[in-house]
Amino acid sequence: MQKNILKSGIEISELGLGCMSLGTDYKKAEPIIERAIEQGITYFDTADIYDKGVNEDIVGKALKKYQNRDDIVIGTKVGNHLADDGTTFWDPSKNYIKDAVKDSLQRLGLDNLDLYQLHGGTIDDPLDETISAFDELKKEGIVRAYGISSIRPNVIDYYLKHSDIETLMSQFNLIDNRPEVLLDDVHAKKVKVLARGPVFKGLLTTNSNQALDSKFAEGIFDYTYQELGETIASIKDKEIENNLTSLTFNYLTSHDALGSIIMGASSVDQLDENVKNYELSKEISLEKLKAARNRVKNLEYTQHLK
């Protein structure tokens, strides 16, 4: 599988496993992680908030026997502060970030972390304080690299200009192509995109009609329900590509700024299907990709611009 390299030299597989979908049963989750490694996936994405830390426990336990492998990369996230009463609140403070990483390391069974990402953020955060927390963790050798998970262009712009982020995680797919407008700046800073939501809640899969009716009945972004249905039908045309998942994978890998496509999987079969579609995506011609891209709207960010 293709590997992409971060500024720090960390190599991540172009298809990563989004671990949020693994559930809380280790006996069901462990075979999925094992299969991912067999299929060449080496990047595993989790967060401290997923199942209130249980996800990190599962990922750490399943990957413990691979800790001697330099190619296995684990990324987790911070910022959603879990209170004692079970509620959460946003906390991008330096004190919290530097305390929370200790808990994540303990759950993951690690001495240091490959990639640590801020799990959100607003322009009203104490941005410089937050950045200094990550810089200090990196200087202290506790994390090798850091990044941000965000869909807010003003926040992303600030981190690109004022921090040493190496990754930007954002929803990105053939329909939600808003991140395209950021890619020149992202690539110029040698930051890699971690594309989450690549199949857009099932809309870009073989279950597209079901997803359209159940999750997009009111439309989304600049699309009405009817427009979205017509657009999906047009790019499913056999003259372009019937496999929507492979098509959106091909679209994502066509961008130089891509680091990894973050796909969830709740079963071994689903993981195998994701890998199969990733492999098939390499066979899609540039002409077919261009034809599909021309049939979707050019979306733009409308919020959090300044």
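**Notebook: one predicted chain**

I looked up lysine 52 and found it exposed, because its relative accessibility is 56%; exposed means over 50% relative accessible area, buried under 20% and partly exposed in between, with a 1.4 Å probe and protein chains only. I note that this is a predicted model, in which local features need pLDDT of at least 70 and side-chain atom pairs count only at pLDDT 80 or more, while totals for chains, interfaces and linings use all residues. Residues are numbered from 1 along each chain as its sequence is written, and side-chain values use heavy atoms, with hydrogens and water left out.

**Positive phi values**

I placed lysine 52 in the loop between strand 4 (43–45) and helix 2 (54–63). Helices (H or I, at least four residues) and strands (E, at least two) are DSSP runs, numbered from the N terminus. Lysine 52 is not a glycine, yet its phi is positive, at about 55°. Most residues other than glycine have a negative phi. I then turned to histidine 304, which also is not a glycine and has a positive phi near 55°. Histidine 304 lies in the segment after helix 11 (286–294). I recorded histidine 304 as partly exposed because its relative accessible area is 36%.

I found glutamate 230 in helix 8 (residues 225–235). Glutamate 230 is partly exposed, since its relative accessibility is 46%.

How many of the ten residues of helix 9 (residues 244–253) are buried? I found nine, and the helix is mostly covered. Among them are Leu244, Leu247, Phe249 and Tyr251. At the start of helix 9, I noted a side-chain oxygen of asparagine 243 within 3.1 Å of the backbone nitrogen of threonine 245.

**The whole chain**

I noted eleven helices and twelve strands in the chain. The radius of gyration is 19 Å, close to the 19 Å that the globule rule gives for 306 residues, so the chain is as compact as a globular protein of that length. This radius is taken over C-alpha atoms, and the rule is 2.2 Å times the number of residues to the power 0.38. The C-alpha trace spans about 55 × 45 × 40 Å along its principal axes. Of the 306 residues, 52% count as buried. I also looked up contacts (heavy atoms within 4.5 Å). Among those between residues at least 6 apart in sequence, 75% join residues at least 24 apart.

Key
A polar contact is a pair of N or O atoms within 3.5 Å; within protein, one must be able to donate a hydrogen and the other to accept it, and residues adjacent in sequence count only if both atoms are side-chain atoms.
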